[in-house]
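Thanks for coming, everyone. Please have a look at the next slide while I talk.

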Amino acid sequence: MFFYESVYRKGDKMILVISGLHGTGKSTIAKKIAESLKFEYHSTGTLFRNLAEKNNMSLKDFSEYAVDHPEIDLELDTMVKDMASSGKDIIFDGQIGAYILGDLANYCILLKCAKDVRIARMKNRDNVSMEDMIDETLKREKYERQRFIDIYGIDVLDGGLILANYDLILDVTNLNIEQVFEICLTAVKASIKNKE
């Protein structure tokens, strides 16, 4: 397990970010922490899915479409920054929240997981074939990674950027959800205590 913790960034309200590739459990962990701490919860993935539905497109097709339409990501960024500036305690889950929010974020967690484990988890969750899940996930991640490089100059797989932007990096490959939750909640509570 790779565990890294850095100095806490102070702010008026607590803004948390949980990031990770698809299938790492970021949404589940973010929701559980939000419930435990009574924080407002927001998911950039859900916002993106809502836009896909609004445009009558599948998630895969909308991801491909977004490659040539950076205004989609920029609209999402504005929404996330506005939420973070609302004066509420909020937890976000998403792939690049730590980069987009910058100093607005008080504590950022990155969940890492082996690709085969991530895909198996999503296959079971979504009840689809392994072949379909591999195809959909790898294509979506390829398009997202390229979009983030093109629009922001951010490579979500760049180790240097990861170390510079996350307070906690946790490999969840061999951990269950309760173990991940306990580790993350303990780290977040410690950062809140440091803030007081």
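A word on the model before we start. This is a predicted model: local features need pLDDT of at least 70, side-chain atom pairs count only at pLDDT 80 or more, and totals for chains, interfaces and linings use all residues. Residues are numbered from 1 along each chain as its sequence is written, and side-chain values use heavy atoms, with hydrogens and water left out.

Helices and strands here are DSSP runs, numbered from the N terminus; a helix is H or I with at least four residues, a strand is E with at least two. Two strands pair if DSSP finds at least two bridges between them.

Strands, then. Start at strand 5, residues 107-112. Is strand 5 mostly covered or mostly open? Mostly covered: five of its six residues are buried. Buried means under 20% relative accessible area, exposed means over 50%, and partly exposed is in between, with a 1.4 Å probe and protein chains only.

Which strands pair with strand 5? One is strand 2, residues 15-20. Those two run parallel, joined by five bridges. Another is strand 6, residues 168-171, also in the parallel sense, over four bridges. In strand 6, Leu111 is partnered by Leu170.

Now strand 4, residues 90-93. Both of its faces are covered. Ile90 and Phe92 sit on one side, Ile91 and Asp93 on the other, and all are buried. Strand 4 pairs with strand 2 in the parallel sense, over four bridges. Strand 3, residues 40-43, pairs with strand 4 in the parallel sense too, over four bridges. Find Phe92. Val17 stands opposite Phe92.

On to the helices. Helix 7 covers residues 130-152, which is 23 residues. From first C-alpha to last, helix 7 reaches 32 Å, close to the 33 Å expected at 1.5 Å a residue. That expected span is 1.5 Å times one less than the number of residues.

Which residues of helix 7 are buried? Met133, Thr137, Arg140, Glu141, Glu144, Arg147 and Phe148.

What covers the buried residues of helix 7? The cover includes helix 2 (44-54), helix 3 (59-67), helix 4 (71-84) and helix 6 (115-126). Contact here means heavy atoms within 4.5 Å.

Take helix 3 against helix 7. Their axes come within 9 Å and cross at roughly 20°. Axes are lines fitted to C-alpha atoms, for helices over the stretch in contact, and angles run from 0 to 180 degrees between N-to-C directions. Helix 3 and helix 7 are therefore roughly parallel to each other. The cut-offs: under 35 degrees is roughly parallel, over 145 roughly antiparallel, 65 to 115 roughly perpendicular, and the rest oblique. On the helix 3 side, the residues that meet helix 7 include Leu59, Ser63 and Val67. On the helix 7 side, they include Lys139, Tyr143 and Arg147.

Helix 2 and helix 3 cross at roughly 95°, with axes within 9 Å. That makes helix 2 roughly perpendicular to helix 3. Phe48, Arg49, Leu51 and Ala52 in helix 2 meet Leu59, Phe62, Ser63 and Ala66 in helix 3.

Helix 6 and helix 7 pack at about 120°, axes 9 Å apart. Among the residues in this contact are Met122 in helix 6 and Ile134 in helix 7. Ile134 and Met122 are 12 residues apart in sequence and 9.4 Å apart in space, C-alpha to C-alpha. Ile134 counts as partly exposed, at 34% relative accessibility.

Last, the loops. Most residues other than glycine have a negative phi. Asn56 has a positive phi, near 55°. Asn56 lies in the loop between helix 2 and helix 3. Buried or exposed? Asn56 is exposed, with a relative accessible area of 72%. Asn127 also has a positive phi, near 55°. Asn127 is in the loop between helix 6 and helix 7, and counts as exposed at 72% relative accessibility. After helix 7 comes Gly153, with a positive phi near 75°.
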